[in-house]
Amino acid sequence: MSRYARHLSLKEIGPAGQQKITEARVLVIGAGGLGCPVLQYLAAAGVGRIGIVDNDVVSISNLQRQVVFRESDVGKNKAEAAKSHLMALNSTIELVAYQEKITSANALDIVAGFDLAIDCTDNFPTRYLMNDVCLLADKPYIYGAIHRFEGQVAVFNLTKESANYRDLYPSPPAPGSVPTCEEEGVLGVLPGLIGTMQAIEALKIITQSGEVLDSALVMLGAWDNTRQRMVIKPKGTRVKVTKLIDYDAFCGIKNYQENLKEITVQELDSWKKNGVDFQLIDVREAHEFDLVNMGGELMPMSELQEYLDLIDKDRQVVVHCHHGGRSASVIQALQSRYGFDNLYNLIGGIHAWAEEIDPTLPTY
C-alpha cells in the first residue's frame, strides 16, 4: 500500500486498478530509446510480469537516450542489463529477459505468455511482424516511433473492430529510404516522451480506464511543440493476415541486399595498402565530415544530384557513410536510376573503420 499509495489515491485506478496492474503481463520488444522509459515506468507501476526482448548490446552512444543503462553496462546484452536495473527498482515483479531477436519462428511462442505487446523497435520488418502476431494472437499492439525531433504513438488491435498497423501503412517504404536515428540523429529526450506515452496507453488498457488511443495516431513535434491526432480507419487488412511470413522479404530487404555489392573495412584497408585504384566517396553531411573523416570526396546524400558527374564510371567506387545505411541507399538509387555497376558499400561505414582499422579516429 505504501509503494502504490499515489495510484490507490486515484479514483480512476484505486485498489481494483492496482490489482489489475499487478496481474498484468506486458511484453516489450526492444530495450532501446523507447523501451527504456516504457520498462522503467511499467516496472515502477507494478506490472506483474514484464518480458524484455532484445539481442543487442549496450554501446556508449546509447547512453544519450537509453536511460536505464549505465557506463558499466557497455558491452552487455540490453535485455539482461535492463532486467538487472529494473529488479533493483521493483523486486516484487517478475522480469523475463529474451536475449534473442524476435522472428516469425519464435514470435507466437513469446507473445503467448503476455496480455499485450509494446513495440519499441526501429525497423519496419519487426513492426509488421509484431502487428501480425498480435492480430493472430488477439493481443493489443502499442506502436511507437521516433525520428529526429518527432514521434508517433498509436494503439492497434484493441478490439476486433480496431485498425491495425497495416491500415496505417499498407506497404513498407523502399529499403533505405527512411533514415535511421544513427544516420540522422535523435533528440535524447524525445524517446522519453514517446515511450512514456506508450506506457500510459498500456496502463489505460490494463486498468480499463481512460481514453485509449484505439485506432488513432498521435504525432508529436518536440522542437516546435506541435501535436496532431489522426483517426485510422480499418481497411480490411486484418483478414489478409493468416500466418507469419518472411518480413525481410516483404519489406524488400533481401532483394535489396542481394543487388548490393559490399566491401569490408579490412578489404578496403588492403586496397589502400596494395595501391588499388579506386574512388572513395563520403555521403555524410558536411558537419559530420568536419567531425571525422577518412579522406575521400565529400558528396552529401542530400545534395547528391549536384555531384553525379564527379562519380567515376571507369573504376571501382567505394561509398561510405556513418554506419552503412545511407551509403547503401545512395548506391541503390545510383544503380537503378543511372546505371552504375561499379559501386561498393563500405560495411559498417566510417564507424567500423575507426573501431577496426584506425582507432585514432573519434567515433560519434
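Leaving aside its neighbours within four places in sequence, which residues is Ile 13 in contact with? They are His 7, Gln 18 and Ile 21, where contact means heavy atoms within 4.5 Å. Ile 13 itself sits in the loop between helix H1 (5-8) and H2. Its C-alpha atom is separated by 38 Å from that of Ser 61, 48 residues apart from Ile 13 along the chain.

The model is a predicted one, in which local features need pLDDT of at least 70 and side-chain atom pairs count only at pLDDT 80 or more, while totals for chains, interfaces and linings use all residues. Residues are numbered from 1 along each chain as its sequence is written, and side-chain values use heavy atoms, with hydrogens and water left out.

The secondary structure of the chain amounts to 15 helices and 13 strands. Helices (H or I, at least four residues) and strands (E, at least two) are DSSP runs, numbered from the N terminus. With a radius of gyration of 22 Å, close to the 21 Å that the globule rule gives for 364 residues, the chain is as compact as a globular protein of that length. The radius is taken over C-alpha atoms, and the rule is 2.2 Å times the number of residues to the power 0.38. The C-alpha trace spans about 75 × 45 × 40 Å along its principal axes.

Strand S4 (residues 116-119) and strand S5 (residues 141-147) run parallel and are joined by three bridges. Ile 118 has Ile 142 in S5 as its bridge partner. Axes are lines fitted to C-alpha atoms, for helices over the stretch in contact, and angles run from 0 to 180 degrees between N-to-C directions.

Another open sheet is formed by five strands in the order S9-S13-S12-S10-S11, and its pairing is parallel. Strand S9 (262-263) and strand S11 (297-298) are the edge strands here, each pairing on one side only. Two bridges link strand S10 (residues 278-282) with S11 in the parallel sense. Ile 281 stands opposite Glu 297 in S11.

Next come the helix pairs. Two packed helices are described by the angle between their axes and the distance between the axes. Helix H3 (residues 35-45) and helix H4 (residues 78-89) have axes that come within 9 Å and cross at roughly 30 degrees. That makes H3 roughly parallel to H4; angles under 35 degrees count as roughly parallel, over 145 as roughly antiparallel, 65 to 115 as roughly perpendicular and the rest as oblique. The crossing of these two helices is right-handed: a crossing is left-handed if the near helix is turned anticlockwise from the far one by less than a right angle, and right-handed if clockwise. Leu 39, Gln 40, Ala 43 and Ala 44 of H3 make the contact with Ala 82, Leu 86 and Leu 89 of H4. By class, this contact has six nonpolar, one polar and no charged residues. Ala, Val, Leu, Ile, Met, Phe, Trp, Tyr, Cys and Pro count as nonpolar, Asp, Glu, Lys and Arg as charged, and the others, Gly among them, as polar.

Helix H2 (residues 14-23) packs with helix H9 (residues 190-207) at an angle of about 110 degrees, the axes being 9 Å apart. H2 and H9 are therefore roughly perpendicular to each other, and H2 passes H9 in a right-handed crossing. On the H2 side Gly 17, Lys 20 and Ile 21 meet Leu 203, Ile 206 and Thr 207 in H9. These residues divide into three nonpolar, two polar and one charged.

Helix H12 (residues 265-273) and helix H15 (residues 349-356) have axes 10 Å apart and pack at an angle of about 75 degrees. That makes H12 roughly perpendicular to H15. Val 265, Gln 266, Leu 268, Asp 269 and Lys 272 in H12 meet Gly 349, Ala 352, Trp 353 and Glu 356 in H15. The contact of H12 with H15 has four nonpolar, two polar and three charged residues.

Conventions. Two strands pair if DSSP finds at least two bridges between them.
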